[in-house]
Amino acid sequence: MRTKLLGLALILVVIVGSLGLRSNDASATTKLPYQAKVITAALNIRSEPSLQASVVGQLKAGDVVSVTEEDDDGWVLIKKNKVSGYAAGYLLRKQDDSGQTAGSSSTSTGGKVSTSPGSTATVTADSLRIRSGPGTSYKTIGSLTQGEQVTVTGSQSDWLKIRTSGNVAGWVAKEYVDKGASQQHSSGGTGIRGKLVVVDAGHGGSDPGMIGTTYDTKEKELTLSTAQYLKQELTRLGAKVVMTRTTDVKPELSERVQVSESNHADAFVSIHYNSSVKKTSGTLTFFYSDKKDRPLASAVEAELSKSGIGLRSNGLSFGDLYVLRENATVATLVELGFLSNQKDESIVRGSAYQRKAAAAIARGVADYFD
Ligand SMILES: [Zn+2]
């Protein structure tokens, strides 16, 4: 089996090598440093090239930085004015090289990944975007984290068509995955007792969030009261709880993530209420990473969808949301009803609904740890 795979890999080295010639040539001309633009709303600058490293600064969309180093995992060392640190290369775009994200020029050595359909590949980057097509211009439809395994179903130049363990199909940049399987780390399964859960009440202070269209309900007030009920429920089940805010203040998104990471939390739950121009009603549960976050989101959604809390669940959804995307902790974000819908607003204003929703979320978190 092993020699068969090696033989196959060798043939693929030749094929991939010849296909990859053009990009190899292009990358040979990449000189450091170069200028790159931030293409995400808020980019964390970290002390080390790791999602576990502390955040030393933050940049916003459109900021131009100087990239002075690139590593094989897609991290780039950047500099802007006095701030210097590491950032995820896929969140930056090279200034002179349209379509190319930073750090993506350090090409694989060719044949590093077996592209034979059905083979297994392991993610080597800390965070890897799954796209709807073979290129950075395609929409992000999911995310993988280091060590996750995917099934290869095809390939096209520098891109691999893959399927995740959660059955998400899409494309990833070939250079951020390695062929073969890696050792799986277990997800505990020891129960909620003693686990540290960060409860994040969305918005606050100068940021009211959504405003109800019928009763002028402020999202920031609903999130705080619901978060407090959630804390009670989780504490009752034996968890330790840290809140990102307990009063009407507005922590930055990076600070909310920081609370989670600096406490080495076991889970992070962000509470929000929604708004829509349509007559949409009900709850929505978001995850970012298919492997890291989805099991928690799925457990929470399963409890929210059981009858009795008063609003129907609209299911699980991938969300490219800062507090999930930039968070090393297993994280989920719930939208507990639409303030733009009169029925929803009148229900979610009541403490009975908030208590029931909080209890359902707490049960979901407990199920996740079981
Ligand atoms: Zn919100």
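Which handedness does the crossing of H5 and H8 have? The crossing of H5 and H8 is right-handed; a crossing is right-handed if the near helix is turned clockwise from the far one by less than a right angle, and left-handed if anticlockwise.

## Basis of the description

This is a predicted model, in which local features need pLDDT of at least 70 and side-chain atom pairs count only at pLDDT 80 or more, while totals for chains, interfaces and linings use all residues. Residues are numbered from 1 along each chain as its sequence is written, and side-chain values use heavy atoms, with hydrogens and water left out.

## The chain as a whole

The chain has 8 helices and 20 strands. These are DSSP runs numbered from the N terminus, helices (H or I) of at least four residues and strands (E) of at least two. Of the 370 residues in the chain, 51% are buried, where buried means under 20% relative accessible area, exposed over 50% and partly exposed in between, with a 1.4 Å probe and protein chains only. Contact means heavy atoms within 4.5 Å. Among contacts between residues at least 6 apart in sequence, 71% join residues at least 24 apart.

## Helix H5 against helix H8

H5 and H8 pack at an angle of about 140 degrees, with their axes 7 Å apart. Axes are lines fitted to C-alpha atoms, for helices over the stretch in contact, and angles run from 0 to 180 degrees between N-to-C directions. H5 is therefore oblique to H8; angles under 35 degrees count as roughly parallel, over 145 as roughly antiparallel, 65 to 115 as roughly perpendicular and the rest as oblique.

On the H5 side, the contact includes Pro 295, Leu 296 and Ala 299, and on the H8 side it includes Ala 357, Ala 360 and Ile 361. By class, this contact of H5 with H8 has 10 nonpolar, 1 polar and 3 charged residues. Here Ala, Val, Leu, Ile, Met, Phe, Trp, Tyr, Cys and Pro count as nonpolar, Asp, Glu, Lys and Arg as charged, and the others, Gly among them, as polar.

## Helix H3 against helix H8

Helix H3 (residues 219-236) also packs with helix H8 (residues 351-369), at an angle of about 50 degrees and with the axes 8 Å apart. H3 and H8 are therefore oblique to each other, and their crossing is right-handed. Residues of H3 including Leu 222, Tyr 229 and Leu 234 meet residues of H8 including Ser 351, Ala 358 and Val 365. The contact of H3 with H8 has 9 nonpolar, 5 polar and 2 charged residues.

## Nonpolar cores

A nonpolar core is a set of buried Ala, Val, Leu, Ile, Met, Phe, Trp, Tyr and Cys residues joined through side-chain atoms within 4.5 Å. The largest has 38 residues, and those that touch the most other members include Val 197, Leu 230, Leu 234 and Ile 361. Elements that each supply at least two residues of this core include H3, H5 and H8, and H8 gives the most, with 10 residues.

Leaving aside neighbours within four places in sequence, the residues in contact with Leu 234 include Ile 192, Val 197, Ala 362 and Val 365. A second, separate core of 17 residues includes Ala 121, Leu 128, Leu 160 and Val 172.

## Two buried residues

Lys 174 is found in the loop between strand E13 (169-173) and strand E14 (177-179), and counts as buried at 5% relative accessibility. Leu 59 lies in strand E3 (residues 55-60) and is buried, with a relative accessible area of 11%.
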